[in-house]
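Good morning, everyone. Please look at the structure on the screen, and keep the sequence beside it. I will walk you through it piece by piece.

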Amino acid sequence: MRDTFDLSRNYYDHLGHFAQDFIPAMIAREILLRKQVLKQGAWLFFIVSCICLSISAFHKLIEWWVAIVSGTAAEDFLGTQGDIWDPQWDMFVALIGAICAQITLKNCHNQQLYMLERKV
């Protein structure tokens with residue numbers, strides 16, 4: 001992406017972090033709805049977003065722990081590319097992925113769940 005768009009750094013990792021929470025958002029949503037933990041509404045949206053953000057934060061903690069255990073320089077291992085805010089940006093982009101998944105796929109997901117309930 002850096003070479004194609006003449007950017008100062010490679011933002012490809014942000015695409016990966018977007019997908020990292022886009023997909024789990026729908027999994028978390030389905031589990032919470034099918035197990036009847038929550039009903040549809042604002043709380044479901046909030047809890048799914050929180051679950052996804054916690055997944056992203058845990059991923060960042062694992063990266064940090066591996067950098068400590070391996071003894072490599074954190075910047076070399078984590079690929080922050082000189083951006084001290086890279087972990088926070090990655091988590092923010094992952095949160096945006098979770099929010100986008102819920103907004104764009106909500107109706108389709110609801111319809112699929114309705115069809116599943118009718119077959120049972």
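Let's start with Asp90. At 1% relative accessibility, Asp90 counts as buried. Buried means under 20% relative accessible area, exposed means over 50%, and partly exposed is in between, with a 1.4 Å probe and protein chains only.

A word on the source. This is a predicted model, where local features need pLDDT of at least 70 and side-chain atom pairs count only at pLDDT 80 or more, while totals for chains, interfaces and linings use all residues. Residues are numbered from 1 along each chain as its sequence is written, and side-chain values use heavy atoms, with hydrogens and water left out.

Back to Asp90. Which residue does Asp90 form a salt bridge with? The partner is Lys60, and the closest N and O atoms are 2.7 Å apart. Asp90 lies in helix H5 and Lys60 in helix H3, so this pair ties together parts that are 30 residues apart in sequence. A salt bridge here is a side-chain nitrogen of Lys or Arg within 4 Å of a carboxyl oxygen of Asp or Glu. The general idea is simple. Side chains of opposite charge can pair when their charged atoms come close.

Now stay on Lys60. Is Lys60 buried or exposed? Lys60 is buried, because its relative accessible area is 11%. Lys60 also forms a salt bridge with Glu63, with the closest N and O atoms 3.0 Å apart. Glu63 and Lys60 sit 3 residues apart in helix H3, so about one helical turn separates them. Glu63 is buried too, at 18% relative accessible area. One more distance for Lys60. Its C-alpha atom is separated by 9.2 Å from that of Gln88, 28 residues apart along the chain.

How many salt bridges does the count come to? The answer is 3. One of them pairs Arg34 with Glu30, at 3.0 Å from N to O. Both residues lie in helix H2, 4 residues apart, about one turn of the helix. Glu30 counts as partly exposed, because its relative accessibility is 26%.

Let's step back to the whole chain. The secondary structure comes to 5 helices and 0 strands. Along the sequence, the pattern reads α-α-α-α-α. Helices (H or I, at least four residues) and strands (E, at least two) are DSSP runs, numbered from the N terminus. Buried residues make up 27% of the 120 residues in the chain.

How do we describe helix packing? Two packed helices are described by the angle between their axes and the distance between the axes. The axes are lines fitted to C-alpha atoms, for helices over the stretch in contact, and angles run from 0 to 180 degrees between N-to-C directions.

Take H3 and H5 first. Their axes come within 9 Å and cross at roughly 150°. H3 and H5 are therefore roughly antiparallel to each other. Angles under 35 degrees count as roughly parallel, over 145 as roughly antiparallel, 65 to 115 as roughly perpendicular, and the rest as oblique.

Next, H2 and H5. Helix H2 covers residues 12–34 and helix H5 covers residues 86–119; their axes come within 6 Å and cross at roughly 40°. That makes H2 oblique to H5. Here is a contact between residues. The C-alpha atoms of Ala98 and Ile23 are separated by 7.5 Å, although the two residues are 75 apart along the chain. Ala98 lies in helix H5. Ala98 counts as buried, because its relative accessibility is 0%.

Now a loop. Where does Gln36 lie? Gln36 lies in the loop between H2 and H3. Gln36 has a positive phi of about 55°, although it is not a glycine. For background, most residues other than glycine have a negative phi. Gln36 is exposed, because its relative accessible area is 70%.

Last stop: Leu61. Leu61 lies in helix H3, which covers residues 42–70. Leu61 is partly exposed, because its relative accessible area is 35%.

So that is the tour. Thank you.
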